[in-house]
Amino acid sequence: MRLDKYLSNSGAGSRKDVKAVLKKGGVTVDGKMVKDAKTEVTGEEEILMNGMEVLLERGIYIMLNKPGGVISSTEAGRTATVMDIIDHPQKKDMFPVGRLDKDTTGLLFITDDGQLAHELLSPRKKIGKTYIADLEKDVSDPEIQKLEQGIPLKDFTTAPAEAEKLSARRVKLTITEGKYHQVKRMFGYLENRVTGLRRVGFATLTLDEELAEGSWRRLTTEEVDDLKK
């Protein structure tokens, strides 16, 4: 990584600010003054800026309460992304683990830990994703049973889900596949339409109800440990 990028990503200042400090000789790498912003560093060196050690954060784990209208992407474009919400100097190193549809709200896990993300997204792990679905029509008990047995969709049959009827038109549903529009398609098979969808659980994480929609927080040490287990 370029030295100026390392310094700016660590929160030491903007790229312009750190280049100015570099030019003045205010940065040392392993005790040697470095003025070239393009100098490559690994992060294993002792890097000082104006006499203060600069450390790049590693192992970033974030819970976001995703609002509607933003997409689960790291690519900037015409539509706002979930990464636009994250105010962190190293957000370019982070990514959402899995995706939520543009109009789906709720729990989204964001990290820079590629190994953990790979494990959580592996189909063989059968990681649960829990949603609260609001529906256009009443749901019957036999339809709940169909969800629990597996729904035959056009391209695959869903694994048995955990389904709980919270009210006549609200269902709590836990699935393990997470295919494109899967929850909406499952209820579509039952000739019902999802009018609102919120994810409240992912793996061992439960959406923090005190976390306002559009806000984020770091995971606690206990939450991270549980995910890694």
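Ground rules. Residue numbers start from 1 along each chain as its sequence is written, and side-chain values use heavy atoms, with hydrogens and water left out. Because the model is predicted, local features need pLDDT of at least 70 and side-chain atom pairs count only at pLDDT 80 or more, while totals for chains, interfaces and linings use all residues.

Pockets now. A pocket is an open set of points on a 1 Å grid over the protein atoms alone, where a 1.4 Å probe fits, with protein on both sides within 12 Å along at least five of seven lines; lining residues have an atom within 4 Å of a point. Volume is the space filled by probe spheres set on the points.

The largest pocket comes to about 550 Å³. Its lining has 28 residues, and Arg99, Glu177, Gly178, Lys179 and Tyr180 lie nearest the centre. Two or more lining residues come from each of helix H3 (114–121), strand S8 (129–135), helix H5 (182–189) and strand S11 (194–202). Helices here are DSSP runs of H or I, at least four residues; strands are E, at least two. By class, the lining of the largest pocket holds 12 nonpolar, 7 polar and 9 charged residues. Charged is Asp, Glu, Lys and Arg; nonpolar is Ala, Val, Leu, Ile, Met, Phe, Trp, Tyr, Cys and Pro; the others, Gly among them, are polar.

The second largest pocket is about 220 Å³. H3 gives the largest share of that lining, 4 residues. Helix H6 (221–228) also supplies at least two. Among the lining residues is Leu227.

That takes us to H6. Which residues of H6 are buried? Glu223, Val224 and Leu227; buried means under 20% relative accessible area, exposed over 50%, with a 1.4 Å probe and protein chains only. They sit on the same side of H6, because they cover an arc of only 100° around the axis, taken from the directions from the helix axis to the C-beta atoms. The face turned away carries exposed Thr221 and Glu222. H3 and strand S7 (105–111) are among the elements covering the buried residues of H6.

Last, helix H2, residues 15–23. Val18, Val21 and Leu22 are buried there. Their arc is only 100°, which puts them on the same side of H2. Lys16 and Lys23 are exposed on the other side. The cover over the buried residues of H2 includes helix H1 (3–9), strand S1 (27–29) and strand S3 (47–49). Just after H2, glycine 25 takes a positive phi of about 80°.

Definitions and conventions
Contact = heavy atoms within 4.5 Å.
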